[in-house]
Each structure stands twice: as C-alpha cells, then as structure tokens.
Amino acid sequence: MVNRVLSGMRPTGRLHLGHYHGVLKNWLELQNKYDSYFFIADWHAFTTHYADSIDLESNITDMVVDWLAVGINPNTSTIFVQSKVPEHAELHLLLSMITPLSWLGRVPSYKDQQEKLKTKDLNTYGFLGYPLLQSADILIYKAGLVPVGNDQVAHIELTREVARRFNYVYGREADFEEKAEMAIAKMEKKQAKSYKVLRKAYQEKGDTEALVRAQALLKEQKNITLGDRERLFGYVEGVGRIILPEPESLLTKAPKMPGLDGQKMSKSYDNTISLRDTAHEIEAKIKHMPTDPARIKLTDVGDPKKCPVWQFHKVYSDEQTCDWVKNGCMYAKMGCIECKRPVIRGIQVELLPIQERIAEYHADQSHIKQIIYDGSQRARNVAKETMTEVREAMGINY
Ligand code: TRP
Ligand code: SF4
C-alpha cells in the first residue's frame with residue numbers, strides 16, 4: 001500500500017509565486033513518491049465568499065491550467081473538483097453528528113478569520129463547519145499525509161480527533177474481537193505471531209514503537225481483506241475497527257517566497273507576483289519595491305538585511321550575485337535599480353516556460369475539462385467505496 005497524499009486549494013484567486021515556491025513545488029516532489037490527490041475546494045470558497053460574485057468556473061479551470069503548467073501530472077496524480085464528488089458533503093453531514101461544537105469553536109482560524117475579515121458576516125453555520133468539511137475531504141480518501149501550511153495544522157488535528165471518535169463510536173461491532181481473531185488466523189503463521197507479540201507490547205506497556213511496527217506489518221499483508229486490515233489496525237490500539245484512519249500533516253516549511261513588501265506573499269496583502277504576470281508587469285512591480293529606507297541617495301550605504309529585495313536575491317541569485325549585492329549595497333557602490341535587475345531577470349526566466357505552457361493549456365479548454373472530469377471520476381470511485389463502509393458502520397445500509 002503506497003501512502004496517499006491529499007491536498008486542496010480554494011479557487012478564490014490567481015496563483016502567485018508564493019503558491020509556486022511554497023506549495024506547488026512541494027506537490028511536484030510528492031507526486032513522484034505517493035498516490036497523490038490534488039483538488040479544488042470550490043465548496044470551501046463559499047464559506048467566506050458566499051455573497052461575492054466570483055467566476056468559479058474560470059477560476060477553477062485557470063487553477064488547473066496553472067497546476068499542469070508547473071508540472072502536476074494528471075496521469076499519475078488525481079486532479080479533481082470537490083463539488084464533483086458529492087460524497088464529501090454526505091460524509092461532512094454524517095461527521096457533523098458526532099462533532100462537538102466546542103471542537104469547532106476552538107479551532108484558531110475560526111476566530112482569527114472572523115477578526116481579519118471584519119467586513120463579512122462569518123457567523124454562519126458553514127464557516128464554523130469549514131474545518132469539518134476539510135476533515136471529510138481528507139478522510140473520504142483515507143489519506144495518510146496532508147501537505148499544509150502552518151495555519152492548517154489545527155484542521156488536521158481536528159480531523160484526527162473526529163476520525164478517532166468515529167472509529168470509537170462506529171467501529172465497535174458486536175463480534176469485533178471474534179472477527180479480529182479470525183483475521184489473525186488468516187495471516188501467515190510467523191506474521192500472525194509477530195502481530196500478537198507487538199499488540200501485547202503496545203497494550204500492556206504502551207510501547208509505541210511496537211504499535212508502529214504492527215501497523216507496518218499490517219500494511220504489508222496481502223492475503224487479508226481491507227475490512228480485516230481495518231479490524232486489525234483497531235485491534236492493536238484497542239479501539240475497535242479503524243474505518244477512517246487518522247491522517248498526519250506534512251508541514252510545508254516556512255514560505256521561501258516573501259511578498260513585494262517583505263511580508264508573506266499573499267493576495268490579502270496585495271504584494272504578489274502572479275504566475276501570469278507579463279514580463280513588463282514583473283519589471284514594474286520589482287522596480288516599485290521598497291528598499292532599505294536608509295538608502296535615499298546613491299552614496300548612502302545600506303544593509304541588505306533590511307531590504308525585501310535581498311529576500312528575492314536569496315531565492316533567485318547565485319552566490320556570486322549575492323556577494324555583488326552585499327558589496328554594492330553596504331559600500332554604496334550601486335543603486336537599487338541596478339541591484340533589482342537580476343531579480344527581475346530571474347523571475348522572468350522562471351516564469352517564461354510556465355507561461356508558455358499556460359498558453360498552450362489555456363487554448364485547449366476541452367482538454368482541461370476532460371482532465372477534471374476524469375480525475376473527479378477516479379476520486380469519486382474511491383469516495384464511494386469509503387461511503388459504503390461508513391454507511392455500513394453506521395447502519396445506514398438499508
Ligand atoms: N483549507 C485549505 C486552505 O485554505 C484548503 C483545503 C480544503 C484543504 N480542504 C482541504 C487542504 C483538505 C488540505 C486538505 O488552504
Ligand atoms: Fe536593497 Fe539592493 Fe538597494 Fe541594498 S542595493 S537596499 S539590497 S535593493
């Protein structure tokens with residue numbers, strides 16, 4: 001079993017260099033190692049933008065075009081749209097039945113965002129449920145790893161708690177122990193014995209290493225069914241059958257890409273360079289960037305550490321150029337416009353091939369629609385399987 005990775009983005013705006021360096025490059029690596037699912041969280045867009053008229057359809061296709069243009073591979077990764085897999089909504093509803101309100105109210109983003117987006121009324125049922133919908137997105141694919149930024153870690157934590165509660169409440173079949181013992185009997189003798197030893201070590205001594213080893217052992221088992229595997233996962237932990245496994249967050253390192261003003265690059269700070277900005281727009285934006293305020297005249301010495309342009313050099317320039325910047329700035333040997341030139345060039349060179357591919361994909365909208373359709377079909381097949389198990393566990397299989 002290859003571990004499954006899942007992550008999503010809301011289609012609320014253009015992708016920029018912050019997304020590219022902070023998120024997409026990470027996805028590019030993950031897609032070669034894991035069974036990867038990348039999706040557009042269009043329903044999530046309504047949790048905050050319910051009253052704004054945004055052209056979701058073009059935002060979604062543009063986003064997929066940009067993903068493909070940076071190298072997300074639709075043949076190996078599953079690219080889909082949340083609303084094309086309505087099972088997410090069904091799981092969200094069912095999970096809402098067991099989720100205490102207090103768990104949702106204490107997710108930090110709930111209050112933070114209400115503070116930040118004061119012009120909007122976010123006292124809605126949907127907004128409170130935002131992280132639970134996210135939990136459904138993750139659990140419905142039984143994803144093991146969820147690459148996210150720091151601000152989302154609490155959502156993954158909630159997902160783990162909800163999964164644990166679900167398994168606890170609905171994983172307790174009447175004949176659970178008997179079924180688990182029967183499943184052990186189906187394993188190869190030696191493996192079955194190790195499983196028992198490891199289970200005992202975990203249950204009696206809380207040996208977490210044994211737990212991890214037991215889980216690894218189960219993942220390798222080929223001659224047991226999925227249902228039995230879930231039972232045996234739960235049997236080690238002593239919780240009942242694990243129907244919805246707990247995911248882990250894969251923390252994306254601090255964003256390498258600062259914004260034009262030195263803060264984090266983000267649409268809400270209006271400090272972005274879009275993946276689709278023209279060479280001319282890139283040049284104009286960098287030329288307008290603030291620099292070390294101490295450098296008013298050419299003869300004023302400066303300090304790169306106090307300048308957001310330096311942050312860009314660290315992403316785009318080689319060592320030699322960085323030395324040239326430090327020297328030129330600290331000894332007032334060059335002007336800021338000159339210093340900015342290699343950055344302008346660096347971004348233009350990086351984005352040129354991406355923009356060529358964007359143009360190609362953009363010209364073939366039916367191809368994009370097909371990719372979304374195929375990916376969503378694929379995702380839906382997995383989601384349907386999980387929902388069959390969920391309904392069965394809850395006794396809604398009549
Ligand atoms: N909340 C995420 C964000 O704003 C988007 C998202 C929705 C997501 N569902 C998800 C991310 C599931 C990872 C997994 O970035
Ligand atoms: Fe910034 Fe470069 Fe100007 Fe120094 S010379 S202040 S690093 S732009």
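How do the residues of the shell around ligand 2 divide into nonpolar, polar and charged? There are six nonpolar, one polar and two charged (Ala, Val, Leu, Ile, Met, Phe, Trp, Tyr, Cys and Pro count as nonpolar, Asp, Glu, Lys and Arg as charged, and the others, Gly among them, as polar).

A quick note on the model: it is predicted, local features need pLDDT of at least 70, side-chain atom pairs count only at pLDDT 80 or more, and totals for chains, interfaces and linings use all residues. Residues are numbered from 1 along each chain as its sequence is written, chains are lettered from A and ligands numbered from 1 in the order in which they are written, and side-chain values use heavy atoms, with hydrogens and water left out.

Back to ligand 2: its surroundings include Arg295, Cys307, Cys329, Cys336 and Cys339 (a heavy atom within 4 Å counts).

Now for ligand 1. Its shell has six nonpolar, five polar and one charged residues.

| Side chain | Distance to a nitrogen atom of ligand 1 |
|---|---|
| Gln134 | 3.1 Å |
| Asp137 | 2.7 Å |
| Gln152 | 2.9 Å |

Conventions
A polar contact is a pair of N or O atoms within 3.5 Å; within protein, one must be able to donate a hydrogen and the other to accept it, and residues adjacent in sequence count only if both atoms are side-chain atoms.
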